[in-house]
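User: I would like to learn how to read a helix and a domain interface in a model. Where do we start?

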Amino acid sequence: MSDKKADVLVWGPMHIALTHNLYRDFTVHNRWETTDIDAWANEHGEKIRGVITSGVYGTDNALLDKLENLEVVNSFGVGYDAIDTDYLARRGIKLSNTPDVLNNAVAETAMSLMLCVSRRISEAERFVRAGKWPTGKFPLGNDLCGKTCGIVGLGKIGKTIAKRAAAFEMNIAYFRRGQPYPDVPYTHYADLLELAKVADYLIVIVPGGPDTQHLINADVLKALGPNAYLINVARGSVVDEQALVASLLDSGIAGAGLDVFEDEPSVPAELLTLENVVLTPHIGSGTYETRQAMADLVFANVSRFFDEGELVTQVSL
Ligand code: 8YV
């Protein structure tokens with residue numbers, strides 16, 4: 001009962017291969033190209049059976065309300081905290097995401113930020129580009145080797161980071177409430193403050209959402225201390241950004257590598273002035289290979305759903 005010409009609403013611009021595949025097999029409506037989306041949805045909303053969005057775009061219940069016959073939301077990205085899963089569950093709408101295919105890319109981003117902030121790479125590059133090399137010596141950085149890498153969130157990406165950090169001869173420790181994972185060789189901390197106290201680098205890679213909102217707060221930063229670095233490749237919401245800015249301005253921690261922010265694409269002005277902070281624009285999964293794999297997985301989900309009523313990587317709601 002293939003229904004390849006189903007009407008789908010695409011939330012924002014998508015990966016080119018996904019866009020191409022959707023146009024080939026479905027009737028595509030682009031939310032972002034519609035001037036008055038509410039008026040459009042009032043008139044045409046009932047046609048829409050699928051929504052394609054991303055972890056960054058999320059969804060909006062007021063608009064979804066107008067899509068009375070919506071059956072599925074397919075999201076480009078592993079994190080779906082910008083999508084109201086309770087709402088989808090109430091309406092019996094299914095959700096898919098793109099787990100696993102981005103583990104390596106996000107882990108490489110975490111390693112890049114850790115190396116970059118620790119060895120002052122961005123700062124050193126600014127120094128060379130500004131013509132300052134002939135005028136004096138550049139200050140020293142810190143080794144990763146022999147240091148403790150504390151991982152907040154030892155899920156699949158966390159484990160992928162751990163493997164890479166271990167290859168750099170770091171000691172690996174992780175935070176998990178309650179019992180340790182039975183199958184991992186790393187040091188377990190059930191108390192986040194205790195992990196922060198021993199960590200030289202604290203890498204945040206937990207899902208976003210209400211459960212982890214401001215998990216990294218002023219107390220955790222204080223426990224981390226003036227010689228340690230914070231790396232965030234999870235969600236901006238996990239870190240209390242005001243507390244982080246205050247800590248950095250006060251030399252409360254040594255520095256930070258941040259790929260995500262509380263109010264993207266806004267970045268607190270204070271962070272822009274600090275040399276010991278490396279800032280990237282949410283590029284965790286941003287490689288050609290990974291984005292292609294994500295695009296393929298989103299399309300596989302859309303296709304399977306309209307062919308067989310099943311999803312390849314369904315989120316349990
Ligand atoms: C974005 C991410 O979703 O997977 C996630 O959770 O944050 C990213 O991969 C992606 O960049 C959206 O375009």
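User: What covers the buried residues of α7?

Analyst: Keep in mind that this is a predicted model. The cover on the buried residues of α7 includes the helix α5 (103-118) and the strands β6 (148-152), β7 (171-175) and β9 (201-204).

User: Which residues of α7 are buried?

Analyst: Start with the general idea. An α-helix has 3.6 residues a turn, so residues three or four places apart point the same way. In this case, the buried residues are I157, G158, T160, I161, A162 and A165.

User: Now the domains. How is the protein divided?

Analyst: Domain 1 is 7-101 + 289-308, and domain 2 is 103-279. Their C-alpha centres lie 32 Å apart. Each side gives 7 residues to the contact.

User: How much area do domain 1 and domain 2 bury between them?

Analyst: About 540 Å², with 39% of it on carbon and sulfur atoms. On the domain 1 side, D81, D100 and T290 supply 72% of the area buried against domain 2, more than any other three residues.

User: How many salt bridges are there between domain 1 and domain 2?

Analyst: The count is 2. D100 also forms a salt bridge with K156, with the closest N and O atoms 3.2 Å apart. Polar contacts across the interface come to 3 residue pairs.

How values were computed
Residues are numbered from 1 along each chain as its sequence is written. This is a predicted model: local features need pLDDT of at least 70, side-chain atom pairs count only at pLDDT 80 or more; totals for chains, interfaces and linings use all residues. Side-chain values use heavy atoms; hydrogens and water are left out. Buried means under 20% relative accessible area, exposed over 50%, partly exposed in between (1.4 Å probe, protein chains only). Helices (H or I, at least four residues) and strands (E, at least two) are DSSP runs, numbered from the N terminus. Contact means heavy atoms within 4.5 Å. Domain bounds come from an automatic or database domain assignment. Buried area is the accessible area (1.4 Å probe) that two parts lose on being put together, summed over both. A salt bridge is a side-chain nitrogen of Lys or Arg within 4 Å of a carboxyl oxygen of Asp or Glu. A polar contact is a pair of N or O atoms within 3.5 Å; within protein, one must be able to donate a hydrogen and the other to accept it, and residues adjacent in sequence count only if both atoms are side-chain atoms.
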